[in-house]
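Thanks, everyone, for making the time this morning.

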Amino acid sequence: KVDKPGLGGGEEVKKHLSVFMLASRFMLWPTVIVSLLGAAATFTILMYDFQNLAGAYNAPVLDGDFFDAAAWPVRIGMLALFILLTRPLRERGGVQPDYTLRRLRVGELAVFFWQGLAAAMSLFVFLAFQAAVCFGLGLYLQNAGYGSSGNMSLIVALVNSPVAHMLLPLGDWPVYIRLALMLMTLGLSTSYSAFISRMGKMALSPFALIALSLPILFSDARSQGVELSIILLCPVVILCMYASVRNHIKYDGESDV
């Protein structure tokens, strides 16, 4: 159990910031390592495809499906990082974060949201690395004359590839909303898993969520039905996790934050 915080103004802000920094510090190296490995894998696969296409055909290779090859490196990297992000602030081996959280005197509900925000930002960093690889390589191929639409080749490729369009939505604002909701839902799922672990239980629901969400995350962004379903589904999942955390806190005898 984590004690309820007092009403200490600036001290209260420092306590909450300390929880966020604590979670972020544990997530830093997994995020950096997985992001770099994922970016390297994406670059390698795209370059391999480019060399094969450029060698076999005397035609532009930067077309609508060029970036589709990046789907698997991004999916595997997201899954690996998601699993690693469930480990901070959870009971495992000799690591007992309850002591630190009790010392900070920050409620479990606040820990749930701060850790979820840190995890969502880590997942965003991973996707940003992949987006940078796609944009940089695509710009290079366009300038080198390998585009099928001249100076618009990169834009066309980003719009027509579901993977690239998810990473770089350009002016498609529903995709930004979908991405933000998905990242926040996945981030809170990692903190929910850690919370349940501190309660002495095991949460399998976050892992079922990641299995369902990854195909949705990379689905065709041009389908309005998919966009609407995700925009409606993610808040429901977040509310369910929030209600579960509150119920566990009340059952354990802790007052809400």
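This is a predicted model: local features need pLDDT of at least 70, side-chain atom pairs count only at pLDDT 80 or more; totals for chains, interfaces and linings use all residues.

In which hand, left-handed or right-handed, does H2 pass H4? The crossing of H2 with H4 is right-handed, a term used where the near helix is turned clockwise from the far one by less than a right angle, anticlockwise being left-handed.

Residues are numbered from 1 along each chain as its sequence is written, and side-chain values use heavy atoms, with hydrogens and water left out.

The chain has nine helices and zero strands, helices being DSSP runs of H or I of at least four residues and strands being E runs of at least two, numbered from the N terminus. The axes of H2, residues 71-85, and H4, residues 108-143, come within 11 Å and cross at roughly 155°, where axes are lines fitted to C-alpha atoms over the stretch in contact and angles run from 0 to 180 degrees between N-to-C directions. H2 and H4 are therefore roughly antiparallel, a label for angles over 145 degrees.

As for the cores, Phe66, Phe67, Met78 and Leu127 touch the most other members of the largest nonpolar core, which has 46 residues; such a core is a set of buried Ala, Val, Leu, Ile, Met, Phe, Trp, Tyr and Cys residues joined through side-chain atoms within 4.5 Å, with buried meaning under 20% relative accessible area for a 1.4 Å probe, protein chains only. H4 gives this core its largest share, 12 residues.

Definitions and conventions:
Angles under 35 degrees count as roughly parallel, over 145 as roughly antiparallel, 65 to 115 as roughly perpendicular and the rest as oblique. Buried means under 20% relative accessible area, exposed over 50%, partly exposed in between (1.4 Å probe, protein chains only).
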